[in-house]
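User: I am new to this structure and would like to be walked through it with questions and careful answers.

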Amino acid sequence: MNYLVTSTGALTIQDVLLNFLVAAVVGVVIFLSYRISHAGAAYSARFNVSLVMLTLVTTLVMNVIGNNIALSLGMVGALSIVRFRTAIKDPRDTAYIFWCIAVGICCGVSEYLIAGVGTAVIFGMMLIFGFVQNNERYLIIFRGGKECREKLETLVDERFQGKARLVVHNTTQDTTEYIYEISQKQLKLAKKSGNIVDFFQSNLKLDAINIVCQNDEINR
């Protein structure tokens with residue numbers, strides 16, 4: 001029973017400061033890695049700063065816990081009531097959050113070698129795979145009179161070789177609207193045969209044609 005309430009690994013002020021110093025240095029490395037791999041439109045400077053702070057906060061928690069088992073159980077119980085509602089816009093952000101927590105744990109228990117080696121390996125992997133982008137999807141929206149419905153379906157199948165997927169079809173008494181989804185590769189192939197908008201406008205009397213790009217980072 002005495003073992004549960006007695007701390008056997010109390011840290012000195014020098015140990016605590018060294019833990020925070022190493023955590024801050026590694027946190028800056030994580031900051032740079034996130035900045036480089038998120039150079040696109042999804043980059044959030046505030047989220048990047050929060051990653052460094054998360055590393056330091058985790059280090060603080062580990063410094064408090066130390067080797068005290070009773071305190072660690074109480075800390076887990078206290079933190080379990082915290083609920084976060086921040087949406088993760090990029091799946092890579094989850095990896096960065098866990099990276100920061102892992103580094104904070106390592107620094108909090110003075111395992112600097114593990115923190116350093118692990119950070120170097122993850123940093124390299126993030127640089128290699130951080131620029132991998134999803135195959136963007138495009139929505140092509142056609143709006144026109146009801147009389148062009150059948151011919152439009154035929155022309156879409158012809159121009160996109162039957163690979164355009166119908167997402168929405170709205171029809172009123174006088175108008176019709178089609179929304180097709182195609183891949184980035186298919187759109188490029190279709191453009192080789194000429195301007196897509198000009199092709200459909202020359203064959204049909206459409207009120208509007210819109211091409212919208214969608215991906216995981218931002219809809220534009």
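**Salt bridges, surface and fold**

Analyst: The side chains of E177 and R143 meet in a salt bridge at 2.8 Å, N to O, where a salt bridge is a side-chain nitrogen of Lys or Arg within 4 Å of a carboxyl oxygen of Asp or Glu. This pair links distant parts of the chain, with E177 in strand β3 (residues 175-183) and R143 in strand β1 (residues 137-145), 34 residues apart. The model is predicted, so local features need pLDDT of at least 70 and side-chain atom pairs count only at pLDDT 80 or more, while totals for chains, interfaces and linings use all residues. Residues are numbered from 1 along each chain as its sequence is written, and side-chain values use heavy atoms, with hydrogens and water left out.

User: Why does E177 count as buried?

Analyst: Buried means under 20% relative accessible area, exposed means over 50%, and partly exposed lies in between, using a 1.4 Å probe and protein chains only. E177 counts as buried because its relative accessibility is 16%.

User: Which residue meets R165 in a salt bridge?

Analyst: R165 lies in strand β2 (residues 165-171), and the pair links distant parts of the chain, since its other member is in strand β3, 16 residues apart. R165 counts as partly exposed, at 48% relative accessibility. The N to O distance is 2.6 Å, and the partner is E181.

User: What accessible area do the residues of the nonpolar surface patch have together?

Analyst: Patches are made of residues with over 30% relative accessible area and no salt bridge, like charges being joined within 9 Å and nonpolar side chains (Val, Leu, Ile, Met, Phe, Trp, Tyr) within 5 Å. One of the members is I122, which lies in helix α6 (residues 112-129) and is partly exposed, at 32% relative accessible area. Accessible areas come from the Shrake-Rupley method with a 1.4 Å probe, and for residues only the protein chains shown count as cover. Together L113, V117, V121, I122, M125, I128 and F129 have about 690 Å².

User: How many helices and strands does the chain have?

Analyst: Helices (H or I, at least four residues) and strands (E, at least two) are DSSP runs, numbered from the N terminus. Along the sequence they follow the pattern α-α-α-α-α-α-β-α-β-β-α-α-β. The chain has nine helices and four strands.

User: What percentage of the residues of the chain count as buried?

Analyst: The chain exposes about 13,400 Å², of which carbon and sulfur atoms supply 63%. Of its 220 residues, the share that counts as buried is 32%.
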